[in-house]
Amino acid sequence: MEDGVTATQVVFWILAVVMLISAIGVVTVGNIVYAALFFIASLAGVAGIYLILTVEFIALVQLLIYGSAVVILILFALMLTRARERPQALFGRSRPLGIAAALGLLAALIGGIVATTWTTPESSSAIQPVGLQAIGDAIFTIWIVPFIIVGVLLSIALDGAIMLASPDEDDN
Amino acid sequence: MPPLEHILVVNAVLFAIGAMGVLTRRNAVLILLSVELMLNAVSLNMVAFAVYGHVDFGNITGIVFAFFIIVIAAAEVALALGIVVRTFRNRATANVDEVNLLKW
């Protein structure tokens, strides 16, 4: 499809390897704070891959929502729910079974990807970058109803989270 | 641009790593982190299909879907962490295998 390995591909593979190593760190490291930090690195890798795919809008959203808001929420929850008195096992009893199931899933997915013939554009120059304006047009015309529903859902969910996490008056 | 298959394989590996985390971790917040990894893999897949199908179909539905996935994931994280904090206050644990009131 292409003449050799381009610079974009090299950058893509560097980002992919960083992202996957960080993801493995998230699920295997023994310290929960390190796991959260690996998660940030993994998110940054995904944002970089969005940039390689020429979708700057999603990369920005990824960094703004995931990279800041979600990560801060998760760090707060980790700190608030840390059991202080005893060191805790971080893995359940069914760990070997879980690893085997994940490997089986991976084999099935990669088998499906390899077995399929994908119709891709002839050359990478045929792929046009998707501009911000096109995305905005689509969201605010075709997808306006889902967009409003998502907004309502988000505010309901955040209100519900505050309700759940706030202490009851009659509790104590 | 990397070929579509390479992106799909990377996303499959990321999805499987997230699944492994969901199946092996016992801390609820770490399980949530692994679910976020899986969601990331899926939305990256959608963007890849949208970008590579752009020439043929002329739409950007996949990109809009990735945007919606990220927003819904934010709502989900907020709610789930509220539940985890609540559980920790009531039962003094954030481990999913110790929250077994409904299990028999």
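I began with burial: a residue is buried if 20 or more other C-beta atoms lie within 10 Å of its own, exposed if 12 or fewer, and partly exposed in between, with C-beta atoms placed from the backbone. By that rule, buried residues make up 59% of the 104 residues in chain B. For chain A, 23% of the 172 residues count as buried.

**Ground rules**

I noted that this is a predicted model, in which local features need pLDDT of at least 70 and side-chain atom pairs count only at pLDDT 80 or more, while totals for chains, interfaces and linings use all residues. Residues are numbered from 1 along each chain as its sequence is written, and chains are lettered from A and ligands numbered from 1 in the order in which they are written.

**Entry: secondary structure**

I read helices (H or I, at least four residues) and strands (E, at least two) as DSSP runs, numbered from the N terminus. Chain A has six helices and zero strands. Its elements run α-α-α-α-α-α from the N terminus on. Chain B has four helices and zero strands. I wrote its pattern along the sequence as α-α-α-α.

**Entry: overall form of chain B**

I looked up the radius of gyration, taken over C-alpha atoms; the globule rule is 2.2 Å times the number of residues to the power 0.38. A compact globule of 104 residues would come near 13 Å, but chain B has 17 Å. Along the principal axes, the C-alpha atoms of chain B fill a box of roughly 55 × 25 × 25 Å.

**Entry: contacts within each chain**

I took two residues as in contact if their C-beta atoms, placed from the backbone, lie within 7 Å. I then took the contacts in chain B between residues at least 6 apart in sequence; 45% of them join residues at least 24 apart. With the separation again at least 6, 52% of the contacts in chain A join residues at least 24 apart.

**Entry: domains of chain A**

Domain bounds come from an automatic or database domain assignment. For chain A I noted domain 1 (1-85) and domain 2 (131-167). Their C-alpha centres lie 23 Å apart.

**Entry: the A–B contact**

How many residues does each chain put into the contact? I found 72 residues from chain A and 60 residues from chain B. On the side of chain A that touches chain B, at least two residues each come from helix 1 (7-28), helix 2 (32-52), helix 3 (56-80), helix 4 (95-115), helix 5 (132-141) and helix 6 (144-165) of chain A. Helix 3 of chain A gives the most to this side, with 12 residues.

For classes, I counted Ala, Val, Leu, Ile, Met, Phe, Trp, Tyr, Cys and Pro as nonpolar, Asp, Glu, Lys and Arg as charged, and the others, Gly among them, as polar. The side of chain A that touches chain B has 58 nonpolar, 13 polar and one charged residues.

Two packed helices are described by the angle between their axes and the distance between the axes. Here, axes are lines fitted to C-alpha atoms, for helices over the stretch in contact, and angles run from 0 to 180 degrees between N-to-C directions. Helix 3 of chain A and helix 4 (residues 61-91) of chain B pack at about 5°, with their axes 10 Å apart. Angles under 35 degrees count as roughly parallel, over 145 as roughly antiparallel, 65 to 115 as roughly perpendicular and the rest as oblique. The two helices are therefore roughly parallel to each other.

I listed some of the residues that make this contact. Those of helix 3 of chain A include A:I58, A:I65, A:Y66 and A:L73. Those of helix 4 of chain B include B:I63, B:F67, B:I70 and B:F88. The residues of this helix-helix contact divide into 21 nonpolar, one polar and no charged.

**Entry: single residues**

I looked up B:V13 in helix 1 (residues 4-24) of chain B. B:V13 counts as partly exposed because it has 19 C-beta neighbours inside 10 Å. Leaving aside its neighbours within four places in sequence, B:V13 is in contact with A:L20 and A:L106.

A:W13 is in helix 1 of chain A. A:W13 has 14 C-beta neighbours inside 10 Å, so I marked it partly exposed. A:W13 and A:I49 are 36 residues apart in sequence and 9.2 Å apart in space, C-alpha to C-alpha.

A:A108 is in helix 4 of chain A. Is A:A108 buried or exposed? A:A108 is exposed, because 12 other C-beta atoms lie within 10 Å.

Most residues other than glycine have a negative phi. A:T54 has a positive phi of about 65° although it is not a glycine. With 17 other C-beta atoms within 10 Å, A:T54 is partly exposed.
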